[in-house]
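Biologist: Can you walk me through this one? I'd like to start with a helix and go on from there.

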Amino acid sequence: NWDNYLTYNNAIILCQRMGKLDEATTWVQEMEQKYSTHYMTYVRFCYLEIEKQNQKENIDRNYEAFAEYYEKAKQCYEKQVVGNVTNAEMLQLEQLYQQMVDGGWLD
């Protein structure tokens, strides 16, 4: 019982920062198996997907998976967060989503 969602969260972030996106993907998939209803699972998927797409040429980018993960994160977040509590990463994710909509990336 050494792991919890924070363990996975941190492993994913570390792998991303080291440029090991395949390893980060493995971690986030494991996180989803254990924490499929926790909004941070889908926040991690979102940021990972953005990073994967940003490595491609503009013409080859597709943010549909990001949009799907964002919707899951938003749904879980609304169920889990009560009152005025906010999460900085979720707020940033909302801004990124809106920028993608405004930029025509999610048409």
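Modeller: This is a predicted model. Take helix 4, residues 64-80: at 1.5 Å a residue, its 17 residues should span 24 Å, and its end C-alpha atoms are 24 Å apart, so the two agree.

Biologist: Which residues are buried in helix 4?

Modeller: Phe66, Ala67, Tyr70, Ala73, Cys76 and Tyr77.

Biologist: And what covers them?

Modeller: The cover includes helix 3 (39-54) and helix 5 (88-102).

Biologist: You listed Cys76 there. How many disulfides are there?

Modeller: The count is zero.

Biologist: Is Cys46 buried or exposed?

Modeller: Cys46 counts as buried because its relative accessibility is 0%. Cys76 has a relative accessible area of 14%, and the cut-off for buried is under 20%, so Cys76 is buried as well.

Biologist: New topic. Which residues touch the most other members of the largest nonpolar core?

Modeller: That core has 28 residues, and the ones with the most such contacts are Tyr39, Val43, Phe66, Tyr70, Ala73, Met90 and Leu93. At least two core residues come from each of helix 1 (5-17), helix 2 (21-34), helix 3, helix 4 and helix 5.

Biologist: Which helix gives the largest share?

Modeller: Helix 3, with nine residues.

Biologist: What is Met90 in contact with, leaving aside neighbours within four places in sequence?

Modeller: Met90 contacts Tyr39, Val43, Tyr70, Ala73, Lys74 and Tyr77.

Definitions and conventions. Residues are numbered from 1 along each chain as its sequence is written. This is a predicted model: local features need pLDDT of at least 70, side-chain atom pairs count only at pLDDT 80 or more; totals for chains, interfaces and linings use all residues. Side-chain values use heavy atoms; hydrogens and water are left out. Helices (H or I, at least four residues) and strands (E, at least two) are DSSP runs, numbered from the N terminus. The expected span of a helix is 1.5 Å times one less than its number of residues. Buried means under 20% relative accessible area, exposed over 50%, partly exposed in between (1.4 Å probe, protein chains only). Contact means heavy atoms within 4.5 Å. A disulfide is a pair of cysteine sulfur atoms within 2.5 Å. A nonpolar core is a set of buried Ala, Val, Leu, Ile, Met, Phe, Trp, Tyr and Cys residues joined through side-chain atoms within 4.5 Å.
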